Amino acid sequence: MKSESVLPEWSALLALQRSTHATLQVLATELADLDLTASEINALANLADGRSRTVSELGAAAGARPTTLTSVLDRLERRGHISRGSLPGDRRAVLIELTPSGRVTAATIRQAVTDLERRALAGLSADAIAGLRAALQALAEVSS
């Protein structure tokens with residue numbers, strides 16, 4: 001079976017990079033009052049469900065290495081959005097939890113993400129959205 005070549009004028013990875021940049025720009029504008037970086041927004045959005053996570057779990061959800069995430073968590077902790085504690089039964093594991101102000105900020109971020117996604121995908125069919133999710137999952141698993 002002949003492998004399909006990617007046309008030079010279009011690449012899924014380059015399109016993903018452009019769309020990521022565009023969505024981050026929109027979110028940065030819509031959430032400018034929060035004075036957070038894109039990495040901080042990503043971390044809080046992934047904690048918005050209120051579940052505590054270890055640094056490794058949050059890193060996997062946010063698509064960041066735990067070592068990279070540490071500086072993001074330092075800033076969020078200084079701002080009072082998260083607290084860090086130990087995991088019962090494993091003193092080496094650090095458990096990340098939202099503080100009350102972090103829950104409010106995370107809910108604001110999650111709503112902005114939901115609204116942007118709804119606007120961006122409004123013209124797509126359910127099958128197209130399912131295909132998009134499958135493609136994004138496959139790309140995310142390349143590094144696993």
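## Reading a predicted chain, feature by feature

Q: Where does S39 sit, and how far is its C-alpha atom from that of S71?
A: S39 belongs to helix α2. Although S39 and S71 are 32 residues apart along the chain, 9.9 Å separates their C-alpha atoms.

Q: What can N46 tell me about helix α2?
A: N46 is also placed in helix α2. With a relative accessible area of 18%, N46 is buried, because the cut-off is under 20%. Setting aside neighbours within four places in sequence, N46 contacts R53, L58, A61, A62 and R110.

Q: Let's step back to the whole chain. How many helices and strands does it have, and in what order do they run?
A: There are six helices and three strands. Starting at the N terminus, their order is α-α-β-α-α-β-β-α-α. Along the principal axes, the C-alpha atoms fill a box of roughly 55 × 35 × 25 Å.

Q: Which numbers describe burial, surface and contacts for the chain?
A: Of the 144 residues, 26% are buried. The accessible surface is about 9900 Å², and carbon and sulfur atoms account for 56% of that area. For contacts, take the pairs at least 6 apart in sequence: 54% of these join residues at least 24 apart.

Q: Which residues of α5 are buried, and why do they line one face?
A: The general idea first: an α-helix has 3.6 residues a turn, so residues three or four places apart point the same way. In α5, the buried residues are G102, T105, A106, I109, A112, L116 and L121. Viewed down the helix axis, these buried residues fall within an arc of 145 degrees, so they line one face of α5. The other side of α5 has P100, V104 and R118 exposed.

Q: What do the buried residues of α5 pack against?
A: Their partners are α1 (12–30), α2 (38–47), β3 (90–98) and α6.

Q: How should I read a loop residue such as H81: buried or exposed?
A: Go by accessibility as well as location. H81 is in the loop between α4 (66–78) and β2 (82–87), yet H81 counts as buried at 8% relative accessibility. Not counting residues up to four places away in sequence, H81 touches L36, L44, L76, E97, L98, T99, S101, G102 and T105. Notice that G102 and T105 are also among the buried residues of α5.

Q: Where is V142, and is V142 buried or exposed?
A: V142 lies in the segment after α6. Its relative accessible area is 65%, so V142 is exposed.

Notes:
Residues numbered from 1 in each chain as written. Predicted model: local features only at pLDDT ≥ 70, side-chain atom pairs only at ≥ 80, totals over all residues. Heavy atoms only, no water. Helix = DSSP H or I, 4+ residues; strand = E, 2+ residues; numbered from the N terminus. Buried < 20%, exposed > 50% of the residue type's maximum accessible area, 1.4 Å probe, protein only. Contact = heavy atoms within 4.5 Å. Arc of directions from axis to C-beta. Areas by Shrake-Rupley, 256 points an atom, 1.4 Å probe, with all protein chains shown as cover.
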